[in-house]
Amino acid sequence: MSREPRAIAPSPTDREGWRQAVREARLEAFRMEDIVAAVQHMLRDNDTSLASTLITFLSDKLMRMLTKKVSTNHRNQGKDIIEDAYGVLIAALLQPGSADGKALRTTF
């Protein structure tokens with residue numbers, strides 16, 4: 001089964017392109033790595049309003065992904081594992097210069 005190709009995301013520096021994508025609810029069409037790169041760029045430039053919107057999207061998507069990946073057969077239904085992984089990934093998102101932050105821009 002082939003996957004449908006992803007839409008081409010705006011450049012990480014194209015704030016208006018990202019605002020338009022948010023207004024048109026097109027974020028699901030983009031690769032997560034592209035959204036990470038945009039967030040990290042905006043945070044460097046202190047554009048927290050748009051970055052916050054993108055972070056909320058990434059956060060929700062990340063929680064859904066982790067919940068699907070972690071079995072509920074673990075203690076506490078795997079919630080501790082999910083929260084730990086979530087914390088590591090969000091920390092990496094917010095630290096673009098770290099090795100993990102750089103890795104998120106290439107492989108989410």
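How are α4 and α5 oriented to each other: roughly parallel or roughly perpendicular?

1. Orientation of α4 and α5. The model under review is predicted. In it, the axes of helix α4 (residues 79–94) and helix α5 (residues 99–106) cross at roughly 90° and come within 7 Å. Angles of 65 to 115 degrees count as roughly perpendicular, and α4 and α5 are therefore roughly perpendicular to each other.

2. Residues between α4 and α5. On the α4 side, the contact is made by Leu89, Ala92 and Leu93. Asp100, Gly101 and Leu104 are the α5 residues that take part. By class, the contact of α4 with α5 comprises four nonpolar residues, one polar residue and one charged residue. Gly counts as polar and Asp as charged in this division.

3. Packing of α3 and α4. Two packed helices are described by the angle between their axes and the distance between the axes. For α3 and α4, the angle is about 145° and the axes lie 10 Å apart. The crossing of these two helices, α3 and α4, is right-handed.

4. Residues between α3 and α4. Helix α3 contributes Ile55, Leu58, Ser59, Leu62, Met63, Leu66 and Thr67 to the contact. They meet Ile82, Ala85, Tyr86, Leu89, Ile90, Leu93 and Leu94 of α4. The contact of α3 with α4 divides into twelve nonpolar residues, two polar residues and no charged ones.

5. Gly78. This residue is placed in the loop between α3 and α4. Gly78 has a relative accessibility of 0% and therefore counts as buried, the cut-off for that class being under 20%. Apart from neighbours within four places in sequence, Gly78 is in contact with Val70 and Ser71. From Gly78 to Ala91 the separation is 13 residues in sequence and 20 Å in space, C-alpha to C-alpha.

6. Salt bridges: Arg15 and Asp45. Side chains of opposite charge can pair when their charged atoms come close. The structure holds nine salt bridges. In one of them, the side chains of Arg15 and Asp45 meet at 2.9 Å, N to O. This pair links distant parts of the chain, 30 residues apart: Arg15 belongs to helix α1 (residues 15–23), and Asp45 to the loop between α2 (32–44) and α3 (48–69). Arg15 is partly exposed at 23% relative accessibility, and Asp45 is partly exposed at 41%. A network of salt bridges links Arg15, Arg19, Asp45 and Asp47.

7. Salt bridge between Glu28 and Arg64. The closest N and O atoms of this salt bridge are 3.3 Å apart. Here too, the pair links distant parts of the chain: Glu28 is in the loop between α1 and α2, and Arg64 is in helix α3, 36 residues apart. With relative accessible areas of 38% for Glu28 and 40% for Arg64, both residues count as partly exposed.

8. Salt bridge between Arg26 and Glu24. The side chains of Arg26 and Glu24 meet at 2.7 Å, N to O. Arg26 has a relative accessible area of 30% and is partly exposed. Glu24, at 43% relative accessibility, is also partly exposed.

Definitions and conventions. Residues are numbered from 1 along each chain as its sequence is written. This is a predicted model: local features need pLDDT of at least 70, side-chain atom pairs count only at pLDDT 80 or more; totals for chains, interfaces and linings use all residues. Side-chain values use heavy atoms; hydrogens and water are left out. A salt bridge is a side-chain nitrogen of Lys or Arg within 4 Å of a carboxyl oxygen of Asp or Glu. Helices (H or I, at least four residues) and strands (E, at least two) are DSSP runs, numbered from the N terminus. Buried means under 20% relative accessible area, exposed over 50%, partly exposed in between (1.4 Å probe, protein chains only). Axes are lines fitted to C-alpha atoms, for helices over the stretch in contact, and angles run from 0 to 180 degrees between N-to-C directions. Angles under 35 degrees count as roughly parallel, over 145 as roughly antiparallel, 65 to 115 as roughly perpendicular and the rest as oblique. Contact means heavy atoms within 4.5 Å. A crossing is left-handed if the near helix is turned anticlockwise from the far one by less than a right angle, and right-handed if clockwise.
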